[in-house]
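The structure is shown first.

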Amino acid sequence: SRRGSEDLVAILASAQEIFGIRPQGLRQSGARKDMSTVSPRAREHEHRLPFDAHSELIQAIIEAFVPRFAPGAKLIYIDHARPELPYFDQDTFHSLQLTLTPDDRFPDVILDYREMNRLFLIDAITGHGLINPKRRVELATNFAPAIAELVYGSVFPNRQVASQYMDEIAWETGVWFADEPEHHIYFNGRT
């Protein structure tokens, strides 16, 4: 939809400003960009952010996951290893009846998918790690007041990396591989 496209453009612009990333997506070959740093502007300060695996995975979530699995979702939060750089839309967050702060161990990415009444809580293996049973309980407890259904997801750059962690992934969570963006695996724990 046109509205969804406009929202995605806004999300990409936010990510570009915060992380200094450009909408080029991941290369299928897995080749990395030859770029040691980029210069984002965040909160009216100039910062240097290394273009690392975490930034690249966050970019893939925004550019490839969102349009496929949460089209039109609003980006509420993006975390990064540098505490001065997270993006946090507090107004939207509070509209979901949440009063937490990022100190409460937010996931790497939070998306508000109002159309489906879902709140996506996404951890990247390069950031907070994956959503294992302990992390799922932690997120469920912290985000229990939300007026939306909680959807948990772990993001990996590829299957090879994910294969090292398969026995740790919590039931009732999703797994997504950035290099195969069309597919999503759901660990269904219900019988």
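## Strand pairing and the sheet

Leu 75 has Leu 111, a residue of β7, as its bridge partner. In this predicted model, β5 and β7 run antiparallel and are joined by 4 bridges. Both strands belong to an open sheet of 7 strands with mixed pairing, ordered β6-β5-β7-β8-β9-β10-β11. The edge positions are taken by β6 (87-88) and β11 (184-187); each has a single partner strand, so one side of each is left without a neighbour in the sheet.

## Overall composition and confidence

The protein chain contains 5 helices and 11 strands. Of its 191 residues, 47% are buried. The accessible surface of the chain comes to about 10100 Å², and carbon and sulfur atoms account for 49% of that area. When contacts between residues at least 6 apart in sequence are considered, 54% join residues at least 24 apart.

The mean pLDDT is 77, and 68% of the residues reach 70 or more. The stretch of residues 18-50 has a pLDDT below 50, although it has 83 contacts in the model beyond near neighbours in sequence.

## Nonpolar cores

The largest nonpolar core holds 29 residues, of which Ile 61, Phe 65, Leu 111, Ile 122, Phe 156 and Trp 176 touch the most other members. Two or more residues are given to this core by each of α2 (53-69), β5 (74-78), β7 (109-113), β8 (118-124), β9 (149-156) and β10 (173-177). The largest share, 8 residues, comes from α2. Another core, of 18 residues, lies apart from it; Phe 88, Leu 98, Ala 146 and Leu 150 are among its members.

Which residues surround Trp 176, leaving out those up to four places away in sequence? Trp 176 touches Ala 60, Ile 61, Ala 64, Phe 65 and Phe 69, together with Ser 154, Val 155 and Phe 156, and also Pro 181, His 183 and His 184.

## Ala 60 in helix α2

Ala 60, one of the residues touched by Trp 176, is located in helix α2. Its relative accessible area is 6%, which is under the 20% limit, and Ala 60 therefore counts as buried. The C-alpha atom of Ala 60 is separated by 6.0 Å from that of Ala 178, a residue 118 positions apart from it along the chain.

## Thr 92 in helix α3

Thr 92 lies in helix α3, which spans residues 90-95. Is this residue buried or exposed? Thr 92 counts as buried because its relative accessibility is 9%, against a limit of 20%.

The side chain of Thr 92 makes a polar contact with the side chain of Asp 89 at 2.8 Å. Not counting residues up to four places away in sequence, Thr 92 also touches Lys 74, Ile 76, Asp 112 and Arg 114.

## Gly 129 in a loop

Gly 129 is placed in the loop between β8 and α4 (133-142). With a relative accessible area of 12%, Gly 129 is buried. Leaving aside neighbours within four places in sequence, Gly 129 is in contact with Asp 123 and Ala 124. Between the C-alpha atoms of Gly 129 and Pro 107, which are 22 residues apart along the chain, the separation is 9.2 Å.

Definitions and conventions: Residues are numbered from 1 along each chain as its sequence is written. This is a predicted model: local features need pLDDT of at least 70, side-chain atom pairs count only at pLDDT 80 or more; totals for chains, interfaces and linings use all residues. Side-chain values use heavy atoms; hydrogens and water are left out. Buried means under 20% relative accessible area, exposed over 50%, partly exposed in between (1.4 Å probe, protein chains only). Contact means heavy atoms within 4.5 Å. Accessible areas come from the Shrake-Rupley method with a 1.4 Å probe; for residues, only the protein chains shown count as cover. pLDDT is the predictor's confidence in each residue, from 0 to 100. A polar contact is a pair of N or O atoms within 3.5 Å; within protein, one must be able to donate a hydrogen and the other to accept it, and residues adjacent in sequence count only if both atoms are side-chain atoms. A nonpolar core is a set of buried Ala, Val, Leu, Ile, Met, Phe, Trp, Tyr and Cys residues joined through side-chain atoms within 4.5 Å. Two strands pair if DSSP finds at least two bridges between them.
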